[in-house]
Amino acid sequence: MGKKILLIQAVDNVLGADALVPGLQRDLEHSMSRSNSTEGSKMGSFTQIGTLAETISASFLFKKGDEGQEELRRAMEKGLEVKIWIVDTEKNADDKYDASFGYAVLGELSFTYPYEGVEEISSELAIQIKMVKGQFDTLPDGLEEFAEFGFESPGEYTGDHLNRKKAEAPPGP
């Protein structure tokens, strides 16, 4: 399995806009639970199956100017639902990328400062109804190499490994 990456998009997005990747992802957890109820009777107890609840928890190292992290904060402050995708960055047997999609409500967004110079962001998102499985034919530029970088030619990119930008025109020979 490849890396699981979270993509987000607030529901007030401009039609045709790309989803955002909150940068420097540390943890990603998708949990499912049911609140079952048990009733007693003279013949024993019977458990009624409860409603499915799904939660996504993700944490990130803070990066100033990161659009994905800023979008999470904006959605929290405005009380917006967000569309989320959990994407596997490794292709499956069909040469596609497995993904899960859902609408979510931010229940918590917290900022911690464990030691000087480090800021962490933790989020908890409650899924509306349920996540659905699907596939992407391609991934947004750079997502396959998320948190990695491949070989590059001199002049092909500018910036450090966290802030690479591709040159407008390919370098000459």
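Predicted model: local features only at pLDDT ≥ 70, side-chain atom pairs only at ≥ 80, totals over all residues.
Two residues are in contact when heavy atoms of theirs lie within 4.5 Å.

Of its 173 residues, 28% count as buried. Among contacts with a separation of 6 or more, 60% join residues 24 or more positions apart.

The helix, α1, has twelve residues and spans 16 Å from its first C-alpha to its last, close to the 16 Å expected at 1.5 Å a residue. At its start, a side-chain oxygen of Asp66 comes to within 3.1 Å of the backbone nitrogen of Gly68. After the helix comes Gly79, which has a positive phi, near 70 degrees.

The buried residues of α1 are Gly68, Gln69, Glu71, Leu72 and Ala75. They lie on the same side of α1 because they cover an arc of only 160 degrees around the axis. Their cover includes the strands β1, β5, β6, β7 and β8. The face turned away from this buried side carries the exposed residues Glu67, Glu77 and Lys78.

Where does the side chain of Gln69 reach? This residue belongs to α1, and its side chain extends to the backbone oxygen of Leu61, at 2.9 Å. Leaving aside residues up to four places away in sequence, Gln69 touches Pro22, Gly23, Phe60, Leu61, Phe62, Lys63 and Ile121. Gln69 counts as buried because its relative accessibility is 6%, and buried means under 20%.

Terms used:
Residues numbered from 1 in each chain as written. Heavy atoms only, no water. Helix = DSSP H or I, 4+ residues; strand = E, 2+ residues; numbered from the N terminus. Buried < 20%, exposed > 50% of the residue type's maximum accessible area, 1.4 Å probe, protein only. Polar contact = N/O pair within 3.5 Å; in protein donor to acceptor, adjacent residues only side chain to side chain. Expected span 1.5 Å × (residues − 1). Arc of directions from axis to C-beta.
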